[in-house]
Amino acid sequence: MCFCRCSSMIYEFDFNFDSLYIVVQIHPQMKSISNYKAKFIPGITAVTVQSLLHIHHQAPANPFRSTLPITQLDDFTAACYRRDLPAAMKALSFMQKHQIWADSVTYSELIKCCLARGAVQEGKLVHKHVFSAGYQPKTFLINTLINMYVKFNLLDEARALFDQMPERNVVSWTTMIAAFCNAGMKHEALKFLIFMLRNGVRPNMFTYSSVLQACSGLPSLKQIHCSITKAGLDSDVFVRSALIDNYSKWGELPNALTVFNEMETRDLIVWNSVIGAFAQNSDGDEALNLFKHMKRCRFLADQATLTSVLRACTGLALLELGRQVHVHVLKYNRDLILSNALLDMYCKCGSMEDARFEFTRMMHKDVISWSTMIIGLAQNGFSHEAIEMFQVMTSSGTKPNYITILGVLFACSHAGLVDKGWSYFQSMEKDFGVKPGREHYGCMVDLLGRAGKLNEAVELIHNMEAEPDAVTWRTLLGACRIHRNMDLAAYAAKRVLDLDPDDAGTYTLLSNIYVNTSRWEDAEQVRKVMKDNNVRKEPGCSWIEVDKQIHAFVLRDSSHPNIDEITRKLIQYVQRLREVGYVPDTSFVLHDVEGEQMEDPLLYHSEKLAIVYGLMALTKGKTVRIRKNLRICGDCHLFAKLLAQMEDRNIVIRDPIRYHHFQGGVCSCGDYW
């Protein structure tokens, strides 16, 4: 028995030819063997007719020797290899009636034909035939049947056949373990690994690559990693890639990088695994550094590499770098995954012109393509266009999914389409088979809150099937602040703090609500709780890409080499804006200082510094694009609106919630975010 590895597939060749039975069958058919060439004997293409004759004379008699006419056996074998299922099954029926059997390799070709045609019943007939009248199929053939049942998603049948096997080899165990992993039966997969070891069967690289998917946490992952090392398989490229993928899945990026760095030799698969790991875990900087390292090592990027690099650019909102990656993408006949990643990058970098262009050029679109575009349009303030695109999507026959409906409700919310939003929400399960989730309820709360229907929003929250989370209550809190419903705002804020005691922004807003309603003791109590719990507001950070370099700004941080010039220019802008009516909005500052002291922190918010630097460093007419780690405050929002109008520039700010396109004194969010 021998195993051959190719990519992630396992090929098993039975070199004993069913006790030389295949040779016994081939011998009487020497006249026709030239018609089938080498494909009838996989793995032994160099065997000559003379050597086959010699082996035949040495072979013991087979009790299942075929008495079928030569032409019938020829027809069955030829039908199996040319994938003529009706002809093969007709011959099989004749063979079953006369209790005659072919060789394992021919049966395996017939099983492949059943898989290709989705012929479940025919596959079961093959199973019945090879176990009839006392015939004992080889382990190779039983493994092929188990794999057939797995591919047909008939795990019970696969398990029953596995349990009947007199002998099980590494392929038998690995096939079942991989099947359990793919079916999400992680506990069963780990249990089979233990049984496999107890039966004295040594796992191979494919076993470990599969079972790593079944790890339900870091402890089990580390145990299997130790087992891999003891087995001496830790240098295998597929095992290493699986380890990197699974460590990154559990957020253990340092361990993933350690596994990568310990490799003496690396190939493109491993590079893709480690770059993808960091890109998917929002560490775009390290992903891009690894990509540069990979290029220095003279590895050429493929579509998987570029997909991960685009994700890194998306996470960091690096539009210019993303456009450079796009140039590399043009060299490939890109697949749908890469096209969707490119589309997502343009949407999340706020460049909807590029996104629209790429979307129209896509020859094939799936639900991810449509959903990406719908959500991108909605988040960038093009709500009506997003809804129109959803209608085109449904007309095209593409079925919306959970994310698609979320994007549609988001669009309705930001366009103030209450009736249309309610209609989609109430019919989504009936029309599209999508059950409303917590995020859908959150969008509806936002929709009702924007429309001032606060009581209906509260009622909807209380009617949610799932328990509302902190995000849902924050959504209601934002609506209460806009519509100045102080009592409901206090209630919503308390619910947020019950679920997220470290939310500094809610403490600040609740304290200011109390101050604005002259509830001084309550405001003082909020500040005391905040201090006692050591709750500190996360420093705001904004960054901008200029000449392929990232410039980051933090409140009161003087590390930027041009900070003095930026500050002087900022003060000048504020003075000019005051002349046209700008008044700093101090409701976003904790009320523990008075008068002009409250305006001072607002002046140096990170997004203001980044905007001013962008206006200084970028050429006239170029869009200023800012990325921010916290939601933009009301004062900075007003500042950006007025400055965009005064300087006749487009300013785009991306915060964790949405995108703000400032142009001509107007923001795409409609001043509600």
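Contact is taken here to mean heavy atoms within 4.5 Å, and helices (H or I, at least four residues) and strands (E, at least two) are DSSP runs numbered from the N terminus. The structure is a predicted model, in which local features need pLDDT of at least 70 and side-chain atom pairs count only at pLDDT 80 or more, whereas totals for chains, interfaces and linings use all residues. Residues are numbered from 1 along each chain as its sequence is written, and side-chain values use heavy atoms, with hydrogens and water left out.

Helix 17 (residues 284-296) and helix 18 (residues 303-316) pack at an angle of about 145°, their axes being 8 Å apart, where axes are lines fitted to C-alpha atoms over the stretch in contact and angles run from 0 to 180 degrees between N-to-C directions. Helix 17 contributes Gly284, Asp285, Ala287, Leu288, Phe291 and Met294 to the contact, and helix 18 contributes Thr305, Val309, Ala312, Cys313 and Leu316.

Arg556, in the loop between strand 4 (549-554) and helix 32 (563-579), is exposed (over 50%), with a relative accessible area of 54%. The C-alpha atoms of Arg556 and Tyr604 are separated by 6.4 Å, although the two residues are 48 residues apart along the chain.

Key:
Buried means under 20% relative accessible area, exposed over 50%, partly exposed in between (1.4 Å probe, protein chains only).
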